[in-house]
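Please keep the sequence and the model side by side while reading.

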Amino acid sequence: MAKSRGGSRKLLWSMMVLLILSSSVAAVALYMVFTQQGSAAQSAINTQEMPEQKAPIFLPIKPFTVNLADDEYGPRLLYTGLSLKLADETSQEILEQHMPQVRSRLLTLFSGKQASELTSPGGKQRLAAQVIAALEAPMSENQPEVAINDVLFTEFIVQ
């Protein structure tokens, strides 16, 4: 009985070694399959045409000072500089060609505001929306549409 018992231990050990080896081989095979699929998916993503990212178009407007509407504190001033984020180069060209009109519209818009409107929470966002509306209006006949995406205040002091 001692011999058969030793023989069954050898058989048990050899089966365990085979089981470990086969599990290791299966794990390596699965790893290789998944990494090949991942690299194939990555190469498929890389071969797809990525939309070309265009650089944003900004039109800086020189800072200026404007008298605000009088309030309970008397006459107030606004010193502001801003940049316009534009959708296309055509809009940039139109605004640059009409810069005196652009500045005039901005001065007219700002001079009708009170300091409390501009310094309140959300005041600058409302003012930015009003700037967009004022500048998107045609400045000449048969003018292409001006597309302004955002107004960025680079300087803003109320005194």
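**Helix H3 and its surroundings**

The buried residues of H3 pack against strand E1 (57-71), strand E2 (74-86), helix H2 (89-97) and helix H5 (123-136), where contact means heavy atoms within 4.5 Å and buried means under 20% relative accessible area, with exposed over 50% and partly exposed in between (1.4 Å probe, protein chains only). Helices (H or I, at least four residues) and strands (E, at least two) are DSSP runs, numbered from the N terminus. The model is predicted, so that local features need pLDDT of at least 70 and side-chain atom pairs count only at pLDDT 80 or more, whereas totals for chains, interfaces and linings use all residues. Residues are numbered from 1 along each chain as its sequence is written, and side-chain values use heavy atoms, with hydrogens and water left out.

- The buried residues of H3 are Met-99, Val-102, Leu-106, Leu-109 and Phe-110. Seen down the axis of H3, these buried residues fall within an arc of 95 degrees, so they line one face of the helix; the arc is that of the directions from the helix axis to the C-beta atoms.
- On the face of H3 turned away from its buried side are the exposed residues Pro-100 and Thr-108.
- Helix H3 (residues 99-111) has 13 residues, which at 1.5 Å a residue should span 18 Å, and its end C-alpha atoms are 18 Å apart, in agreement with that value. The expected span of a helix is taken as 1.5 Å times one less than its number of residues.

**Helix H2**

- In H2, Ser-91, Ile-94 and Leu-95 are buried. Viewed down the axis of H2, its buried residues fall within an arc of 95 degrees, so they line one face of this helix.
- The exposed residues Glu-89 and Gln-97 are carried by the face of H2 turned away from its buried side.
- The cover over the buried residues of H2 includes E1, E2, H3, H5 and E3.

**The sheet**

- Three strands form an open sheet in the order E1-E2-E3, with antiparallel pairing, where two strands pair if DSSP finds at least two bridges between them. The edge strands are E1 and E3, each of which pairs on one side only. Neighbouring strands of this sheet are turned by 25 degrees against each other on average, direction ignored.
- H3 packs on the sheet, touching E1 and E2, and its direction makes about 35 degrees with that of E1. H5 also packs on the sheet, touching E2 and E3, and its direction makes about 125 degrees with that of E3. Axes are lines fitted to C-alpha atoms, for helices over the stretch in contact, and angles run from 0 to 180 degrees between N-to-C directions.
- E1 and E2 pair in the antiparallel sense over 11 bridges, and they form a hairpin with two residues between them. Within this pairing, Ile-61 stands opposite Leu-82 in E2.
- E2 and E3 pair in the antiparallel sense over nine bridges. Lys-85 has Asp-150 in E3 as its bridge partner, and Leu-78 has Val-158 in E3.

**The nonpolar core**

- The largest nonpolar core has 28 residues, and those with the most contacts inside it are Leu-84, Leu-95, Leu-106 and Phe-110. E1, E2, H2, H3, helix H4 (115-119), H5 and strand E3 (148-158) each supply at least two residues of this core, and its largest share, six residues, comes from E1. A nonpolar core is a set of buried Ala, Val, Leu, Ile, Met, Phe, Trp, Tyr and Cys residues joined through side-chain atoms within 4.5 Å.
- Not counting residues up to four places away in sequence, Leu-95 touches Leu-59, Leu-84, Leu-86, Val-102, Leu-135, Met-139, Val-146 and Ile-148.

- Ser-83 lies in strand E2 and is buried, with a relative accessible area of 13%. Its contacts, leaving out residues up to four places away in sequence, are Leu-59, Pro-60, Asp-150, Val-151, Leu-152 and Thr-154.
- Ala-115 is found in helix H4 and counts as buried at 2% relative accessibility. Leaving out residues up to four places away in sequence, Ala-115 touches Leu-68, Asp-71, Arg-76 and Val-158.
- Ala-115 and Asn-67 are 48 residues apart along the chain, and their C-alpha atoms are separated by 9.9 Å.
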